[in-house]
Amino acid sequence: MMGETLTIVIISDSTGETADAYLKSVTTQFPDLPIRVVRHPEVRNMEQVDEIFLTIPSYSIIVPTMADKEISDYICKLADENHIEVLSILEYGLDVFEKVTDKKAVRKPGLIRTLSQEYFSMIEAIEFAIQYDDGKDPRGFLKSDIVLLGVSRTSKTPTTMILATKNYKVSNLPLVPESRMPREIFEVDPDRIIGLIIDPEKLVDIRADRSKELGLIGDSIYYNDARINRELEYAKEVYKDLDCKVIDVTNNTIEQTATDIIEYYKAKFGDE
């Protein structure tokens, strides 16, 4: 077989991407080996398997990733009859887990692809959160699953990012009495808007600590009692005008706030 190209045949009930990624890690260890990879995705019955075997050369390795054990066994049977090696990475993994846990795998085709779709949805949500953070682009409010409002240091951005990892598209807007509210906010469904509120004394401490972290010394309007009370009163007026949900984050961790928001969202919109 010296110099001959080895054909690797991936037979999958999904996209075959898992096997392809695995094979890359293996074949890189054979830099001088001529290799051709052929992928057959969406294989769901034995008739398809029969057609594939008509095209497989003798110098090949078959890599099946089939959740259906009957079809997987059928591939192994045909391979044995044709004296072709089989590398059953998925079947081996399922067998080991079933043996160790004494539980049966569901063996449902397409589950890996579903997980991949969820992953890419999360990445999209994170990119959305970055793009529309801090009211940078008001157009994002109307595209959002959730819009967070709050004065400075009410954890809008970190809460937004946690929600993004749960696949929610979230934008946020800092509330400042001197700044005009974007008109887009008033076009958003009020049920999608969450107003964050916090105890003024707690906010004074948070902002004072933040100022020290930034190396700011001396008194500052940023953590002045009167200023903070004014900002919070303004925020309450905004929430009242918008008739939106209000969550007190005074004693919450960021994770708890995100959980409260998700529970509220699901109560309003279900699993849309």
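I take a pocket to be an open set of grid points with protein on both sides within 12 Å along at least five of seven lines. The model I am reading is predicted.

**Pocket**

I looked up the largest pocket first. Its volume is about 330 Å³. I then asked which residues lie nearest its centre. They are Arg 153, Thr 154, Ser 155, Lys 156 and Pro 158, out of 19 lining residues.

Next I checked which elements give two or more residues to the lining. I found helix H6 (156-165), strand E6 (170-174), helix H7 (200-213) and helix H9 (254-269). H6 supplies the largest share, three residues. I also sorted the lining by class: six residues are nonpolar, nine are polar and four are charged.

**Sheet**

I traced an open sheet of four strands in the order E6-E5-E7-E8, and the pairing is parallel. From one strand to the next, I noted an average twist of 25°.

I followed the pairing of E6 in detail. Strand E5 (residues 146-150) runs parallel to E6, and five bridges join the two.

Last, I looked at what helix H8 (residues 225-242) touches. H8 packs on the sheet and contacts E5, strand E7 (193-197) and E8. I read its direction as making about 155° with that of E7.

Conventions: Residues are numbered from 1 along each chain as its sequence is written. This is a predicted model: local features need pLDDT of at least 70, side-chain atom pairs count only at pLDDT 80 or more; totals for chains, interfaces and linings use all residues. Side-chain values use heavy atoms; hydrogens and water are left out. On a 1 Å grid over the protein atoms alone, a cavity is a set of points where a 1.4 Å probe fits but cannot get out, and a pocket is an open set with protein on both sides within 12 Å along at least five of seven lines; lining residues have an atom within 4 Å of a point. Grid points are joined across faces, edges and corners, and a volume is the space filled by probe spheres set on the points. Ala, Val, Leu, Ile, Met, Phe, Trp, Tyr, Cys and Pro count as nonpolar, Asp, Glu, Lys and Arg as charged, and the others, Gly among them, as polar. Two strands pair if DSSP finds at least two bridges between them. Axes are lines fitted to C-alpha atoms, for helices over the stretch in contact, and angles run from 0 to 180 degrees between N-to-C directions. Contact means heavy atoms within 4.5 Å.
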